[in-house]
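User: Can you walk me through this model? I'd like the folds and contacts in plain words.

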Amino acid sequence: MPKKTVTNGSSTSQVFISNARRSQFAILIAEPSECSRGLVGSHDGVHRDIPSQGWNDVREVETMHGSTGHSEIVIEDLRVKDTQILGGRGNGHRLGQARLGPARLAHCMRWIAQAETALDMMVDRSINRYSHGSTLAEKQGVQWMIADSAMELYQCKLMVLHTAYKIDRGDDFRTEVSMTKHFVANSLNRIIDRAIQVHGALGIQLIRPWRQCSNTRAGRGSPTERTKSIK
């Protein structure tokens with residue numbers, strides 16, 4: 001959330017924005033001073049070309065991935081015109097919800113691809129790893145983890161398909177898309193965790209393909225090709 005301060009009548013906002021350095025314009029969700037604070041319908045969506053006076057790019061925030069475009073921006077006395085308001089007064093949040101609803105499914109589809117990669121790696125490891133008198137695939141505990149992962153992945157796909165169906169029909173999809181993103185995100189975490197457990201000491205190496213997969217959206221190459229990277 002933006003950190004706002006007011007000094008000598010001038011307004012300053014400190015925000016952290018993804019891809020700020022790669023962008024040519026920004027859409028700001030602003031609260032007019034005459035509106036009731038926090039109420040849906042009291043915020044404006046404003047278009048602004050960047051860089052511009054009042055938009056200060058302070059630094060690019062380093063993460064575990066390195067410099068990935070997540071920037072600290074300080075907005076100070078940024079001037080906009082009424083003609084730059086998108087969709088009319090008070091429609092900032094509504095525009096955001098309309099845009100972010102389908103975009104949440106894009107995240108879910110990428111996570112499903114990552115989860116499928118984890119499941120493929122888990123199965124491959126369990127078939128080829130021999131330990132304590134049998135392969136891992138013959139051990140009931142490992143079979144449970146594979147079965148649970150396969151069922152959760154199936155649920156994830158059905159939830160995404162159903163929500164996309166409602167979006168195509170023009171139905172109200174807000175509840176479904178929220179449940180889908182919550183469930184798929186948590187399923188991805190559980191499936192990767194099981195895959196790491198099955199790989200044992202190789203679990204730390206298993207993380208590398210997901211770093212690449214996250215950086216390239218849906219990932220590159222078939223699951224089999226990505227599996228070869230840890231063999």
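Analyst: Here is a short tour, from overall layout to salt bridges and a surface patch. This is a predicted model, so local features need pLDDT of at least 70 and side-chain atom pairs count only at pLDDT 80 or more, while totals for chains, interfaces and linings use all residues. Residues are numbered from 1 along each chain as its sequence is written, and side-chain values use heavy atoms, with hydrogens and water left out.

User: How many helices and strands does the chain have?

Analyst: Five helices and nine strands. These are DSSP runs numbered from the N terminus: helices are H or I with at least four residues, strands are E with at least two. The order along the sequence is β-β-β-β-β-β-β-α-β-β-α-α-α-α.

User: What share of the residues is buried?

Analyst: 36% of the 231 residues. Buried means under 20% relative accessible area, exposed is over 50%, and partly exposed is in between (1.4 Å probe, protein chains only).

User: How do α2 and α3 run relative to each other?

Analyst: They are roughly antiparallel; the cut-offs are under 35 degrees for roughly parallel, over 145 for roughly antiparallel, 65 to 115 for roughly perpendicular, and oblique for the rest. The axes of α2 (residues 140–169) and α3 (residues 174–199) cross at roughly 160° and come within 9 Å. Axes are lines fitted to C-alpha atoms, for helices over the stretch in contact, with angles from 0 to 180 degrees between N-to-C directions.

User: Which side chains meet in a salt bridge between them?

Analyst: E152 and R190, at 2.9 Å from N to O. E152 sits in α2 and R190 in α3, so the pair ties together parts 38 residues apart in sequence. E152 is buried at 10% relative accessible area, whereas R190 is partly exposed at 32%. A salt bridge here is a side-chain nitrogen of Lys or Arg within 4 Å of a carboxyl oxygen of Asp or Glu.

User: How many salt bridges does the structure hold?

Analyst: Nine. Among them, R169 pairs with D171 at 3.0 Å, and D172 with R174 at 3.1 Å. Shared partners also join R21, D57 and E60 into one network.

User: New topic. Which residues form the nonpolar patch on the surface?

Analyst: F25, I27, I29, L86 and L95, with about 430 Å² of accessible area together. Patch residues have over 30% relative accessible area and no salt bridge; nonpolar side chains (Val, Leu, Ile, Met, Phe, Trp, Tyr) are joined within 5 Å, like charges within 9 Å. Areas come from the Shrake-Rupley method with a 1.4 Å probe; for residues, only the protein chains shown count as cover.

User: Which strand gives the most to the patch?

Analyst: β3 (residues 25–30), with three residues.
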